[in-house]
Number of protein chains: 2
Amino acid sequence: MTSERVEAAEVFFRSLQKSILQSLERADGVGSFLSDPWEHPQKGGGITSVTQDGAIFEKGAVNFSSVVSKLEEDAAVRMNVSPQLISATGVSLILHPRNPLVPTVHANFRFLELENGDWWFGGGADLTPYYLFDDDVRHFHGVWKRVCDAHDPAYYPKFKGWCDRYFFLPHRGEARGVGGIFFDNLSGEFGPLFSFVRDCGSSFLDAYLPLVERRSRTRYSEDHRTWQLRRRSRYAEFNLLYDRGTKFGLDTGGRVESIFVSLPPVARWDYASEPAVGSEEERLLEVLRKPRVWV
Amino acid sequence: MTSERVEAAEVFFRSLQKSILQSLERADGVGSFLSDPWEHPQKGGGITSVTQDGAIFEKGAVNFSSVVSKLEEDAAVRMNVSPQLISATGVSLILHPRNPLVPTVHANFRFLELENGDWWFGGGADLTPYYLFDDDVRHFHGVWKRVCDAHDPAYYPKFKGWCDRYFFLPHRGEARGVGGIFFDNLSGEFGPLFSFVRDCGSSFLDAYLPLVERRSRTRYSEDHRTWQLRRRSRYAEFNLLYDRGTKFGLDTGGRVESIFVSLPPVARWDYASEPAVGSEEERLLEVLRKPRVWV
């Protein structure tokens, strides 16, 4: 059940992984990504490319995967379809920089097709800063708005709102970060939608690398680092408690290390720690508690 | 709807928290526990007592709570009862020592009563070592076996097996630690069951403190510490992905910081790290993958 659509998407995602990896290695200068190819117990597999302890990226991963698996009962019920085979191919990436002034970023672009012929695209990119530089956030959102607007003026406002709602920790009353775009179940005419997703994938570096360039040489303190580690535990909470991708991966027998590679290299859970009144840390929390319009 | 049973249990749990706290402070010598009283949005509240950066305990908490809340639809369905008020009182504690040779420990003893009059006890204690000292594990299990046997010879084998099954991470194919005892829905004649739970609570220090005394002065290396931080991320995975107590707490509007105080102070997620063949770290993993009979 490998359709032409799945094949076309797979070819694009495979090459997207390569080009992103090359640029990230160039940006880091020191760390290289080690590629770990793996096979799915049912059919297909992927390549998990991981860097640890680079000059800029404390941990980072760019995953490509293309898998055909049986939807388990639970997952099928959640997706409101009968249990059947599902093809899933995509790229997902996560970058955890060491410097707390450089934001963590996550992006994912994927194509899914069921045995019954239904298919859809999903994806998005979202930014998780530890310190708020408004210009950086505006730049990030600006790139996604431009990409969206070139395809459909309704996309950006819709996908920006979706992102704010999706990356939200109800128990904390906080967004995971300052958002970006998020979309799922995008289906209709394959050509234009594929073109949109290709543009998204190809724009990731434009959205993120300038932030790395601006901030990664700025010195930071132990206090900055402690705050970063505390915020990273919220990242872990989101991924383990709420993330649908994590759930889908575990439900469909995905490779645990490839799914959990998104988790932060180091995280702190300090009891009831609150930032000082009027601090930069508090300013970030205010924005996480009340998502803002950036562009 | 505060029955005599709830009151009796509450009095015991309140005093149990105090006596455990006193002994732990004496054992640590440096760190004291700060008490944070809180109120539940519906009715009741608790006292979360937390220590951070002690001589022995990097993070530790002993919680007392007594809450009356409305069971939400979801939780009621999971418990197979109609939505109604539930009283829950108990003590739960977690100790994360800094020295990787001293195991992490968790214990929880609780009494629950529904508006319809149904009631039950639950609880247990389990050990999570980073390095395996067989004598230590035998001592820990030995205490629980003795306590159980004094009440019912069927208890220990049953509750030991329950513990192994409960504290299990299916995605890792590993137990969280080397177990102990776990029981839930213990109901029947109140007097003898309450006496059993009182004996459990009062035996916690006997089960755990000797291990602290034996190991906390032994020097450890950076490698020991790294391994400890890696294993602690598994602890966080269990608590966030599977723990019913965490779920129950979040579902019934519990206080987030009191629920998440169980999470480790610092944890590492390194990609696909595996212990060296024949190492002490590998020996631990073997036991986690295949729980053992200790006494």
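Okay, so what we have is a predicted model, where local features need pLDDT of at least 70, side-chain atom pairs count only at pLDDT 80 or more, and totals for chains, interfaces and linings use all residues. Residues are numbered from 1 along each chain as its sequence is written, and chains are lettered from A and ligands numbered from 1 in the order in which they are written.

Let's start with strand β5 of chain A, residues 104–114. Strands here are DSSP runs of E, at least two residues, and helices are runs of H or I, at least four, numbered from the N terminus. In β5(A), 9 of the 11 residues are buried, so the rest of the structure largely encloses it. Buried means 20 or more other C-beta atoms within 10 Å of the residue's own, with C-beta atoms placed from the backbone.

Who pairs with β5(A)? Strand β4(A), residues 85–97, does, antiparallel, over 10 bridges; pairing takes at least two DSSP bridges. Ile94(A) has His106(A) as its bridge partner, and a hairpin of 6 residues links the two strands. Then there's β6(A), residues 119–128, also antiparallel to β5(A) with 10 bridges. Here Asn108(A) sits opposite Gly124(A).

Now, the two chains. The contact takes 24 residues from chain A and 24 from chain B, where contact means C-beta atoms, placed from the backbone, within 7 Å. On chain B's side, α6(B) gives the most, with 4 residues. And β10(A), residues 266–268, pairs antiparallel with β10(B) over 3 bridges, with Ala267(A) opposite Ala267(B).

Key:
A residue is buried if 20 or more other C-beta atoms lie within 10 Å of its own, exposed if 12 or fewer, and partly exposed in between; C-beta atoms are placed from the backbone. Two residues are in contact if their C-beta atoms, placed from the backbone, lie within 7 Å.
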